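Thanks for coming, everyone. Let me put the structure up, and then I'll walk you through a few spots in it.

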Amino acid sequence: MWRRPVCGGAPCPLGLIDDYAERNVTFRQGYGLTEVGPNCFSLIPEKAKEKAGTVGFPVMHCQAKLVDDAGHEVTEPGAVGELLLKGPHVCAGYWENEEATNAVYKDGWWATGDYFSRDEDGYYSVVGRKKEMFISGGENVYPAEVEQVILSHPKVSECAVVGVPDERWGEVGFAYVAPASITPSELEEFLQGKIARYKQPKRVITMDALPRTGRMPPLGQETARHSHANSIDRPPRPRCSIPHQTDCAPPSFPNERRPHYGSMRAPHSFRAPIPATKRGGLEDRPSYSRLVAGLEAERACNRGERIRDRSQRRAI
């Protein structure tokens, strides 16, 4: 059976790639962002094992380059720089936010806010988010790099490294590790000789599990904030984004009332917490009628039919 899983969203632990390779499953790491693409790099399956940890080369029609903080292009193999992308798949900008657009879109190049490196063969690797990097004693520390080393310990299944203010060094790393069966001293001994001393976490905090959202990697920065507030057991419940609603329950789909649209998944706005009206039926939820009208309009367009219903035109 043809199986070639691809991961994205955060650097993938090399141990996980090796585990799949032992089962003869080619596991590749990808990279992309909503504003550009969304898929921007591709690693051919034949190189998935040899170049594990890289995302390969830019896809067709996509140009990529690395620049330093001064905007100068970085070309040396192994050097770290911010990834800039250019091509016909770059978005026009952020909706009604010219300031945010101008901050990242210059001369046709989109600044991703992600640090990358490139090896001697031209393969790109994700180093970490620019906003997550911290400076300790004048040296740049990339949390994703430290997390990769910590995750290579056989007892560690989850890890998040964050920068915390320090009077002497400016910032130091705190490592939040799960499960709690590993001791801080055991991990500190494991890191000796594997990464530079300034990259080693100043403190290791063990937890039963790291807080997560429904579809995202461990919440590194959130973990730090909740830890200092002594409430790390569970992240706070987000406020509902619907006007005049401070709290609402997620939508429920009793029995067989969950909508099915073939292989199409309902958009994120539909899956978000939406309060029901007094009758409480699924069709009474604010976004349901608009969603169905849009789907029906799309199907009508595919069939070449004219859209006569006003609600369908408005949905499109």
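So, what is the mean pLDDT of the protein, and what share of its residues reach 70 or more? The mean is 75, and 66% of the residues get to 70 or more; pLDDT is the predictor's confidence in each residue, from 0 to 100. Over residues 228–291 the pLDDT is below 50, and that stretch has 75 contacts in the model beyond near neighbours in sequence, a contact being heavy atoms within 4.5 Å. Residues 309–316 are also below 50, with 14 such contacts.

Some housekeeping. This is a predicted model, where local features need pLDDT of at least 70 and side-chain atom pairs count only at pLDDT 80 or more, while totals for chains, interfaces and linings use all residues. Residues are numbered from 1 along each chain as its sequence is written, and side-chain values use heavy atoms, with hydrogens and water left out.

On to the cores. A nonpolar core here is a set of buried Ala, Val, Leu, Ile, Met, Phe, Trp, Tyr and Cys residues joined through side-chain atoms within 4.5 Å. Buried means under 20% relative accessible area, exposed over 50%, and partly exposed in between, using a 1.4 Å probe and protein chains only. The largest core has 21 residues, and Tyr 31, Phe 41 and Tyr 124 are among those with the most contacts inside it. Strands S7 (63–67), S8 and S10 (109–118) each give two or more residues, and S10 has the largest share, four residues. Helices (H or I, at least four residues) and strands (E, at least two) are DSSP runs, numbered from the N terminus. Apart from that core lies another, of 16 residues, including Val 149 and Leu 191.

Now look at Glu 158, in strand S14 (residues 158–166). Is Glu 158 buried or exposed? It counts as buried, because its relative accessibility is 14%. Its side chain reaches the backbone nitrogen of Leu 210 at 3.2 Å. Leaving aside neighbours within four places in sequence, Glu 158 also contacts Tyr 176 and Ala 178, among others.

Pro 179 sits in the loop between strand S15 (170–178) and helix H4 (184–191).

Last stop, positive phi. Asn 24 is not a glycine, yet its phi is about 60 degrees, and it counts as exposed because its relative accessibility is 74%. Glu 96, also not a glycine, has a positive phi of about 55 degrees.

Methods. Polar contact = N/O pair within 3.5 Å; in protein donor to acceptor, adjacent residues only side chain to side chain.
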